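This report describes selected strands, sheets and residue contacts of one protein model. The sequence and the structure are shown first.

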Amino acid sequence: MIMRLNQFLVSVCLTTAVFCTTHSHAAIQALASRVIYDANAKAATLSIRNNSSQPYMVQSWIEAGETPLADNKVPFVVTPPLLKLDPKKESVLRFIYAGTGLASDRESQFWINIQEIPPKPEIENTLQLAVRSKIKLFYRPAQVDIELVDAVKKLHWFVDGNVLKLENKSPLFVTIGDLKLNNESQPVANINRDMVPPFETIEVLKGLPSNTHQIQYTYINEYGGNTPMPPVSLK
C-alpha cells in the first residue's frame, strides 16, 4: 500500500512539473481580428507582435474559407511567409492578390494562418505548445460599394419549422456576435452557424423554442467589435 502511494505521489509530481513548464498562451499576437482587402489597394496588411521574452519564428499562409475555389488554389501570397520576431517587437505581414479567380460582384473570404515556432527550450524535458492563430481575410471587389452597416440592414431573419434562419441579401459577409432570444439576458451558446455569406441563407439555430417571438443580436464590425442592432420581431 505504501509502495503504491509513493508511486502515485511521484506520478502527481511529474504531471505537475509538466504543466508548470507548459506555455498555454500565444506568444505571437495578431493586432486585428480580421483583415479587409480593398481591391483598389495593392496589398492588405496585418501587424503582429511578439509578447514573449524570447525570439520566435513565425510562419504565415492563407487557406480557403467560405468561398468555393474552382481549382482549390488560393490566389494570394503572404510576405514574408517566414520571419524571426524579436521579443516585444512588431512586424507587418502583407497579403497580395494574384488578380484573377475571384468574383467581382461579392466578397470572398479566406483564413490567415499565423503559426508561432518557439525557440529551443533552455530546460530539458520541457513541454512547449506552438499556437496557431486564424484570422479572417475578406477580399472586397472594387464594384462592391456597400458599407457593412448597410449590409446588416438587409438581413432577413425568419423561422422555418423550429429552425432560426438568416438570409443575407447583400454582397458582403456578415458575422453574428451575440444572439439572445426574447428578453433573455444571456446569449445563446449553441449557435449552428454565425457567418452568412453573400446572397445566401444559413441555419443559425436549430431547436428554436416555440415561444420565441423576437431576437436581439449583435454583428461583428470591421474593427472586430460587437455592434448591437434593434430587436427583430419573428412573425
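## Strand pairing and buried residues

Thr175 lies in strand 12, which spans residues 174-181. The model is predicted. With a relative accessible area of 6%, Thr175 is buried, because the cut-off for buried is under 20%. Its side chain makes a polar contact with the side chain of Lys136, at 3.3 Å. Leaving aside residues up to four places away in sequence, Thr175 touches Arg34, Lys136, Asp194, Met195, Thr218, Tyr219 and Ile220.

Two pairings of strand 12 can be described. With strand 13 (residues 195-196), strand 12 pairs in the antiparallel sense over 2 bridges. Met195 of strand 13 is the bridge partner of Thr175, and Met195 is also among the residues that Thr175 touches. With strand 15 (residues 214-220), strand 12 again pairs in the antiparallel sense, here over 4 bridges. In that pairing Lys180 stands opposite Gln216 of strand 15.

Lys136 and Arg34, both touched by Thr175, also face each other: Arg34 stands opposite Lys136 in strand 9. Strand 9 (residues 132-140) is joined to strand 2 by 5 bridges, and the two run parallel.

Another open sheet consists of 4 strands in the order 1-3-7-5, with antiparallel pairing. Its edge strands are strand 1 (28-30) and strand 5 (76-79), each of which pairs on one side only. The twist from one strand to the next averages 25 degrees. Within this sheet, strand 1 and strand 3 (residues 44-50) pair in the antiparallel sense over 3 bridges. The bridge partner of Ile28 in strand 3 is Asn50.

Ile48 is also placed in strand 3. It counts as buried at 0% relative accessibility. Ile48 and Ala30 are 18 residues apart along the chain, while their C-alpha atoms are separated by 4.5 Å. Beyond residues up to four places away in sequence, Ile48 touches Ile28, Gln29, Ala30, Leu31, Val58, Leu83, Leu85, Lys89, Glu90, Ser91, Leu93 and Ile114.

Val163 is found in strand 11, residues 163-167. Its relative accessibility is 11%, and Val163 counts as buried. Val163 and Leu208 are 45 residues apart in sequence, and their C-alpha atoms are 5.7 Å apart in space. Apart from residues up to four places away in sequence, Val163 touches Phe158, Glu203, Leu205 and Lys206.

| Strands | Sense | Bridges |
|---|---|---|
| Strand 12 and strand 13 | antiparallel | 2 bridges |
| Strand 12 and strand 15 | antiparallel | 4 bridges |
| Strand 1 and strand 3 | antiparallel | 3 bridges |
| Strand 2 and strand 9 | parallel | 5 bridges |

Note on methods:
Residues numbered from 1 in each chain as written. Predicted model: local features only at pLDDT ≥ 70, side-chain atom pairs only at ≥ 80, totals over all residues. Heavy atoms only, no water. Buried < 20%, exposed > 50% of the residue type's maximum accessible area, 1.4 Å probe, protein only. Polar contact = N/O pair within 3.5 Å; in protein donor to acceptor, adjacent residues only side chain to side chain. Contact = heavy atoms within 4.5 Å. Pairing = 2+ DSSP bridges. Axes fitted to C-alpha atoms, helices over the stretch in contact; angles between N-to-C directions.
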